[in-house]
Amino acid sequence: MPQRRYLVASAIVVLLLALLPLAGSRYAVDLATEVLIYALFALSLNVIIGFTGNISFGHAAYFAIGGYACAILLTTYNWPLLFALPAAVVLAGLVAAVVGYFCVRLTQIYFAMLTLAFAMLVWGVAFKWKEVTGGDDGFTGIKLPEMLAHHVRFFYFTLAVVAAGVAALWVICHSAFGLTLVAVRENAVRAGFIGIDTRRMRWAAFTVAGTFGGLAGALFGMYHRGMYIENAYWTESANVLIMVLLGGIYSFVGPIFGAAALHLLQTFTNQYTPYWPTVLGLILLVIVLVLPDGLIGLAARFKARRGKT
Amino acid sequence: MSAMLSIAGLWKSFAGFVATRDVALDLKAGEVHAVIGPNGAGKTTFFNLITGHLRPDKGAVSFEGRDLVGLPPQKIVRLGIARSFQRINIYPRLTVFENVQVALIAHEGQQWNLFRPGRSLHREATAELLELVGLAAEAAETAGELSYGKQKQLELAIALASQPRLLLLDEPTAGMSPQETAATIASVRDIVKARGLTLLFTEHDMAVVFGIAERISVLHHGEIIASGEPDAVRNDPEVKRVYLGEGGGHG
């Protein structure tokens, strides 16, 4: 039963991650926290890309809304985390539902441009609404509950939330809904002729993606103790998009590997050279030219070759 | 007794080119009806107008008393009309099994279920449908990698999964070898009989048409120039002139 194999593999991964703080390296724990957050962010974007076949250039909007909302509720309004986090996630989902309502009327490049336009609006709000968001100074000094103040505790919290988020996305993507979405991606016309309202399906997928993107953003803000307008900027949308493409859009776990690979690569590259954008350019080139299915596609090709010889 | 499908005064033009000209057609429940005509006669447009893929400029289409004009395809399917396409129209990256399974999920309205694993649903019904169209052995294959003829069979299975009462097949044997054509037609006839379906199909192979159709309508330049029983249509002078005489017995 492949289902059980995945379950065991994920349990082992979570367990190994849980053991990481025992190594005693603050640096490793922080890096792992960041990778976990990006993994959830990338995975949420792939609900749109991999499961409906449309590219969003504005996914940072929901990340930022989740992040800012959680930060503001915790700090400005002194809400307990137990309420602030769910409220932030719901808000990101609601905004995604509103934006998605308009975006799913379009497909392909027009869809992508519209998602970008809405994301720039969100960025504009974060920039201009200074008294609430802090404007271009960022929203800093986020109040975290005492019990999450320590970096190891926060790592465990992130691990638990991300694991739950990934599990929820796994269930959704493999449900009847998820399978129908793939059919819509593969052939929207045919899907219409089996009785599927393809636009509503894509709308729902957009909302799911925004909701989980918001969850990742909320974690991100708490981890950095601050949210900044760059987190809503199109470069952030592009970054997570590259993570998804690097990992592979046709596999559920692909974006997780893409997020880990890109973030670790960026961190290590920055230690040796200031030319990260150049390296990023080369990575993009490789994806487009030789890895259309991402790292997962590469792994599958190796496996197929080994199977033949 | 009123007709199951009733079409009257149907018009459709594209940028001045009239593809459907004042078409009227009544289909009784249980009837096997063929629409024939040379390439470009407007057969596919006619199907697209019935199934909601295109909206007619003028005219009425009603199914079991319900007006279909203006309804989107997904609503029309749910009323009981399923179709196949002349050009292959499947989900190429899904397996053959999943291609049919998704149609069953949609038919049961389960596409909004975010929790039940999709692959566990309707396994028996899917297997039965694949068996019915002769694709049981290919169930696990990627649909896009099937041979052309088998993809056509898959189209049929997908259409049947919507549990239609009226089945529209757009050139079900286009591109098939003579052997495949004969087998497909035999299986379509059996399925239609066994399930008590009403069948409206377009076809260019005359042998196929006269073999199974109970009534035939001939489309020419978007217009129905003759409609009736096979013998009457075969002997219609106008039909002879525009179609049967020109192209011979094999389109």
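**Ground rules.** I am working on a predicted model, where local features need pLDDT of at least 70, side-chain atom pairs count only at pLDDT 80 or more, and totals for chains, interfaces and linings use all residues. Residues are numbered from 1 along each chain as its sequence is written, while chains are lettered from A and ligands numbered from 1 in the order in which they are written.

**Entry 1: chain A overall.** I looked up the secondary structure first. Chain A has 14 helices and 2 strands (DSSP runs numbered from the N terminus: helices are H or I with at least four residues, strands are E with at least two). Next I checked the dimensions. The C-alpha trace spans about 55 × 45 × 40 Å along its principal axes. The radius of gyration of chain A is 19 Å, which agrees with the value near 19 Å for a compact globule of 309 residues (taken over C-alpha atoms; the rule is 2.2 Å times the number of residues to the power 0.38). I then looked up burial. Of the 309 residues, 48% count as buried (20 or more other C-beta atoms within 10 Å of the residue's own; exposed is 12 or fewer, partly exposed in between, with C-beta atoms placed from the backbone). For contacts in chain A between residues at least 6 apart in sequence, 78% join residues at least 24 apart (contact: C-beta atoms, placed from the backbone, within 7 Å).

**Entry 2: H3 and H5 of chain A.** I took H3 (60-75) and H5 (108-128): their axes come within 8 Å and cross at roughly 30 degrees (axes are lines fitted to C-alpha atoms, for helices over the stretch in contact; angles run from 0 to 180 degrees between N-to-C directions). H3(A) and H5(A) are therefore roughly parallel (under 35 degrees; over 145 is roughly antiparallel, 65 to 115 roughly perpendicular, the rest oblique). I listed the residues in contact. On H3(A) they include A:Ala61 and A:Tyr68, and on H5(A) they include A:Phe118 and A:Val122. By class, this contact has 9 nonpolar, no polar and no charged residues (nonpolar: Ala, Val, Leu, Ile, Met, Phe, Trp, Tyr, Cys and Pro; charged: Asp, Glu, Lys and Arg; polar: the others, Gly among them).

**Entry 3: H2 and H11 of chain A.** H2 (26-52) and H11 (234-247) pack at about 75 degrees, with axes 9 Å apart. H2(A) and H11(A) are therefore roughly perpendicular. H2(A) contributes residues including A:Phe41 and A:Leu45, and H11(A) contributes residues including A:Val240 and A:Gly247. I count 9 nonpolar, 2 polar and no charged residues by class.

**Entry 4: chain B on chain A.** I found 32 residues of chain B in contact with 22 residues of chain A. On the chain B side, the elements giving two or more residues are H2 (73-79) and H3 (96-107). H3(B) has the largest share, 6 residues. The chain B side divides into 17 nonpolar, 9 polar and 6 charged residues.

**Entry 5: positive phi.** Most residues other than glycine have a negative phi. I looked for exceptions. A:Asn78 has a positive phi of about 55 degrees. A:Asn78 sits in the loop between H3 and H4 (81-103) of chain A, and is exposed, with 9 other C-beta atoms within 10 Å. B:Ala15 also has a positive phi, near 45 degrees. B:Ala15 lies in the loop between S1 (5-14) and S2 (17-27) of chain B. B:Ala15 counts as exposed, with 4 C-beta neighbours inside 10 Å.

Note on methods. Two residues are in contact if their C-beta atoms, placed from the backbone, lie within 7 Å.
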